[in-house]
Amino acid sequence: MQPPPDHPPILPPKIGVLLINLGTPEAPTVAAVRRYLAEFLSDPRVIEIPRAIWKPILHGIILRSRPAKSAHAYQQVWTEDGSPLAAITRRQSDKLQQRLGGDVLVDWAMRYGAPAIPKGVERLKEAGCQRILVAPLYPQYCAATTATANDVAFATLAGMRWQPALRTLPPYHDADDYIDALQRDLERQIAALDFTPERLLLSYHGMPERTLRKGDPYHCHCRKTTRLLGERLSIPTDTSFQSRFGRDKWLEPATDEVLKAYPARGVTKIAIAAPGFSADCLETVEELGIRGKEEFTEAGGTHFARLDCLNDGEIGMDMLETIIRRELAGWIAPA
Ligand SMILES: C=CC1=C(C)c2cc3[nH]c(cc4nc(cc5[nH]c(cc1n2)c(C)c5CCC(=O)O)C(CCC(=O)O)=C4C)c(C)c3C=C
Ligand SMILES: [Fe+2]
Ligand SMILES: [Fe+2]
């Protein structure tokens, strides 16, 4: 039987996947970086300080000084395709779409800036997706990253009469497929170097230490990833935490401190990787690859290599397809 002529359109039901990463400015300019930082650093999941105390600090000090410094850093990593984080996430989405076929619609979004999560969820719903997997691409769970992305996706549903069913991608810090992909990709990159590193430093984004005491599993997830990876690699590994922000105590040891201390300990040839980042970005290319290298060589290091993230390479895409398919179980037929 045909629906009446004034009936809203009936689309064949589809499955949606929304890949999410942190977000990045739209241009490497002071104004665009200020807009991005204002949104990012206003998120109470990121800065857990009472608003009445934090707002004057953010608007009176941080947004006056940091955008110029950060814009300079972004200018050093910007590509023809824009910010590396956005360009790589877009390619991951396109390649996953090809792998999953036409019954699954894959799109991507950023928690801060564009393309925004609400628009992504709405686009998938309008295209007929009655079931959506929200996939924040953070292997290690953190309230400041995973939870805030999921919050926005769920909040988008609050305004809908006909809500799609939502699933979220759980952390995959100890998933065999993830550890295996890291092992193979890092071994491949180390084998291609023109020197043999004495140690592999695994640098994760830092967090205030108090978030660990409050029950965030992030620190434990990072440590577990290093342990599982270290058990498989022949090169000795160390763990460190980068990108300290503000005056509070952050997770230790700090990446820059470890880099500066290596040569005095007799370690002068190293490789550094960032397993917590699913795509290369400012934090890996500039902070580790440029500033980290300077810190290490100024302290007496002789050989330094920054290894790429899994990005949209074959090994990374195989892993991403496997973990996404696993979460779509019961929604799509097994591959
Ligand atoms: C208190 C501040 C911050 C917390 C907490 C934080 C946690 C956190 N961040 C990432 C991943 C990324 N962070 C990136 C950039 C970035 N991070 C902060 C501050 C905090 N991060 C700032 C101010 C910035 C902007 C750049 C700068 O001014 O230094 C990025 C890169 C974005 C890009 O455009 O390339 C990523 C990715 C994680 C995983 C995390 C907690 C686990
Ligand atoms: Fe960050
Ligand atoms: Fe940084």
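Tutor: Happy to. Start where Val30, Val33, Arg34, Leu37 and Ala38 of H1 meet Leu63, Arg66, Pro67, Ala68, Ser70, Ala71 and Tyr74 of H2 (contact: C-beta atoms, placed from the backbone, within 7 Å; helices are DSSP runs of H or I with at least four residues, strands are E runs of at least two, numbered from the N terminus). This is a predicted model, where local features need pLDDT of at least 70, side-chain atom pairs count only at pLDDT 80 or more, and totals for chains, interfaces and linings use all residues. Residues are numbered from 1 along each chain as its sequence is written, with chains lettered from A and ligands numbered from 1 in the order written.

The contact of H1 with H2 comprises 9 nonpolar, 1 polar and 2 charged residues (nonpolar: Ala, Val, Leu, Ile, Met, Phe, Trp, Tyr, Cys, Pro; charged: Asp, Glu, Lys, Arg; polar: the others, including Gly). H1 covers residues 30–40 and H2 residues 51–77; their axes come within 8 Å and cross at roughly 115° (lines fitted to C-alpha atoms over the stretch in contact, with angles from 0 to 180 degrees between N-to-C directions).

Ser70 leads us on to ligand 1: it is among the closest of the 23 residues around it, with Thr24, His205, Cys281 and Leu282 (C-beta atom, placed from the backbone, within 6 Å). H2, helix H5 (143–157) and helix H10 (282–298) each give two or more residues to this shell, which divides into 14 nonpolar, 7 polar and 2 charged.

His205 lies in strand S5 (residues 199–205).

Notes: Two residues are in contact if their C-beta atoms, placed from the backbone, lie within 7 Å.
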